[in-house]
Amino acid sequence: MLSSPGSITMARHVTRFDSLFNGFQDDIRTEYHPHSGIPTKTDHFADFRCHTAAPSLVHENTTPWEPFTSRIDFDFAELVLKANLTKLQTNELISLIRRSALERFSVTDYDGICKLWDTASSRHAKFKKEVMLVPHRDQEHDFDVWYRPLWDWACDLLKDPRLDFVRLFDEPWTANAFWNSQSSLPKDEGKPFTFIIYADKGKLSSFGRQKTYPIIAGGRLVEEDRQYSGTQSFINFKNVVWHKSFKCLLKSLTPLLKTGFWVKCWDGIEHLFYPLILILSADYKEQCVMSLIRGTKCKFPCPVCLVPREELGNVLTSYPLEARNFIRQEDKEKVFMSRGLRDVDNTFLDAAHTDVHSTVSFDCLHVNNEGNFSDHLWTQFQECVNFDSMPRWCNINHFHHVMDISFSDGLKYENISKLIVVAAHDQYSAKDDSGKNWAYPKWHAHAHLFDDIEAKGATRNTNTKPNEKCHGPIRRIYLQRTNSKNIAEQVLRLDHRFLIAHLIHLDIEDYDDLITSKNDPLHLDSEDNECPNNDSDATLHIKLGATQKHQTFATLEQLHANDNAFNRFRIKLADFLSDSFPAHGIPLPDGKRIKFMPDKTHHFIKVNYESIVDCPLFHNFPQYDCVILQTQARVIFGHLLMLFTCVVDGQTHPVALIHPYNAPVGQHSLKDKHFQFWLVHARPRISSKFFSVHSIIRGAALAEDHSIQGDYLVIDTIDTDMFLRMKLMHKSAGHLE
């Protein structure tokens, strides 16, 4: 009970249920704690009440939203919290609110926004729904298929004026398949319009209960039936559903494959296009469904050629390509069984100029990263590899205790595979006693790799890796924007809205550029100029980063007094500049050699990068950047210690302090020659030298060779440029023929 403001009096209630024979009623006695000084009180049951204490008087607060400046500030901050907006999204929303004071804002509620999106959705081909009936064991099953008509989508692209400026890398149209398809068209009539179609199932929920099957613009997934799962009839049933679903997707395309179609493009000129399915990008399981082969255990498990199952490990022998045209009805079962095919109508037979066995393509992600490496090669090395000492590199994951972790991400396996040979350098054994059987389809896929490159261009055109990124947005829409019921319509509606928003955003950017160019004719030219004249730090391919505080030479030498690399820093820098200026046609100040005074305020450097012990940090770990340098004598490697600019006679000069790794290397082991390792050896740290930043060719990743102190292995697999560059260096050194 509340006895007075600021104090509490404890009380207990005792109920007496005395017998009616003794003449007592059900009374309630309240006993207060003895310290309270309140006597015991007895109430009849009918009169007893538990009174609520009167509210205490509080000071009236006229600004309860403090420390927020206003109530609307608090309401806005609460909305950001509830909506789980990111920093970028919050800043964009704040910017929009501030703009509303200058521009007309007519949206009044959520329904109004939805109506606007529905109106704008006509700017691009919409998703359509079709109900498909497929019989199985005397019962018809219905499936909802959502798809975007491919030709409607293609026409939207052809009418987009930005299409002229979009360019693929290592284009498929420079390869043989595109050439051959154009040769098959009527002479001087039309051009091929090719499609790259990707298909793969993906999980929407963490437990995998909700799945999606994106196939560019549609798809359908058959749920497993425990009663029939694994039976031949049910497997064929799932294949029938896939091909009938795909037939819906190709419905708008199939009749045009033979006749072509005239389209008025963005330039106002009509062109005749013949659609063509050039590439099917998918994992092996999906390739089996596309080509209707029976999988790994059939007689011919390859979706491209007729290689016998027992010969899958032989990638040097060529086998005849698949062919199943003009099979008579009475011969179907015999031919199908002999070739490991399924007795299901293949949708691709209706697509003119399309051979599904030639169209299915080499997939780096599932063949290499999530196939040969993750399931086969990685298990051979997992127990003896140490990744902790591997250098950190941009866009490559660094792993701790990698042997104890299992991944489902192909990118992580790709990163491990780039470093595995160097990481296992100390543990490598030339003898393979694992007894590994390499006769499986994903190993055999390499037999078709070079044919695929010649036919369709670089593997990035056929790789599923770029297209798997579409799973993320779909999954986020499902998790954050749906009620987990009837998800297809909800997910596709929002996905279409994101597409429309992207197209409108591109139009707005074009409009802004047009307005800006009218006011400033040089605007677009300055955007295209990669090295603006007003950027004094731009030095061809080198861009100096954030500048630290100015440092005098005395401060710098005192800071690094215990590091031999900075010994006689001021004197060595002056000698370097005095020698390099005349060599590059730059006159010396007053014709005299340069001398720097330690404490003069106008003798200083601006440090842009510094690598000392554990500075700088890359994700809170030491980063040791190495570089390739072009010297007068040859190309060398070195450890980048400092990047800075030095002002001499009013001119700024970018300079790098490098610890050279060009000391003589001892005899190469047979293992190093076999793997074509490029070894370098560090000179004593006191031998650190100055180089012009212009002499830096590129960055490099070097791993320490623990078997020989001071030796380092050049990691040539960090990117394509490094791999090709090291190959040329090996060839120049006589290591390769």
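Where does Gln-676 lie? Select Gln-676 to begin, and you will find that Gln-676 lies in the loop between helix 20 and strand 21 (679-681), where helices (H or I, at least four residues) and strands (E, at least two) are DSSP runs numbered from the N terminus. The model on the screen is a predicted one, in which local features need pLDDT of at least 70 and side-chain atom pairs count only at pLDDT 80 or more, while totals for chains, interfaces and linings use all residues. Residues are numbered from 1 along each chain as its sequence is written, and side-chain values use heavy atoms, with hydrogens and water left out.

**Two residues with positive phi**

Stay with Gln-676, which has a positive phi of about 55° although it is not a glycine. Gln-676 is partly exposed, with a relative accessible area of 38%; buried means under 20% relative accessible area, exposed over 50%, and partly exposed in between, with a 1.4 Å probe and protein chains only. Next select Asp-649, placed in the loop between strand 19 (635-648) and strand 20, where phi is near 55°, again a positive value in a residue other than glycine. Asp-649 is exposed, at a relative accessible area of 61%.

**The whole chain**

Now zoom out and colour by secondary structure: the protein has 21 helices and 25 strands. Buried residues make up 39% of the 737 residues. Among contacts (heavy atoms within 4.5 Å) between residues at least 6 apart in sequence, 61% join residues at least 24 apart.

**Aromatic pairs**

Rings of Phe, Tyr and Trp (its six-membered ring) pair if their centres lie within 6.5 Å, and planes under 30 degrees apart count as stacked, over 60 as edge-to-face and the rest as tilted. Select Phe-143 and Phe-237, whose ring centres are 5.9 Å apart with planes at 45°, so the pair is tilted. Phe-143 belongs to strand 5 (residues 139-147) and Phe-237 to helix 6 (residues 232-250), so that this pair links distant parts of the chain, 94 residues apart. Phe-143 is buried at 7% relative accessible area, and Phe-237 is buried at 5%.

Move on to Tyr-661 and Tyr-712, where the ring centres are 4.8 Å apart and the planes stand at 15°, so the pair is stacked. Tyr-661 lies in the loop between strand 20 (651-660) and helix 20 (670-675), and Tyr-712 in strand 25 (residues 711-714), so the pair ties together parts that are 51 residues apart in sequence. Tyr-661 is buried at 7% relative accessible area, and Tyr-712 is buried at 19%.

From Tyr-712, step across to Glu-704, which touches Asp-711 and Tyr-712, not counting residues up to four places away in sequence. Glu-704 is found in strand 24 (residues 702-704) and is partly exposed, with 39% relative accessibility. The C-alpha atom of Glu-704 is separated by 9.6 Å from that of Ala-423, although these residues are 281 apart along the chain.

For a cluster, select Phe-553, Phe-566, Phe-569, Phe-576, Phe-596, Phe-644 and Phe-690, which are linked by ring pairs. Then select Arg-148 and Phe-127: the charged end of Arg-148 sits over the ring of Phe-127, 4.2 Å from its centre, a description that requires NZ of Lys or CZ of Arg within 6 Å of the ring centre and within 35 degrees of the ring normal.

**Two helices that cross**

Two packed helices are described by the angle between their axes and the distance between the axes. Select helix 15 (residues 471-481) and helix 16 (residues 487-519), whose axes come within 10 Å and cross at roughly 115°; axes are lines fitted to C-alpha atoms, for helices over the stretch in contact, and angles run from 0 to 180 degrees between N-to-C directions. With side chains shown, Ile-474, Ile-477, Tyr-478 and Arg-481 in helix 15 meet Ile-487, Gln-490, Val-491, Leu-494, Asp-495 and Phe-498 in helix 16.

**Two last stops in loops**

Select Thr-174, in the loop between helix 4 (150-158) and helix 5 (176-183), which is exposed at 59% relative accessible area. The C-alpha atoms of Thr-174 and Gly-457, 283 residues apart along the chain, are separated by 7.0 Å. Finish at Ile-293, in the loop between helix 8 (284-291) and helix 9 (332-339), which is buried at 1% relative accessibility.
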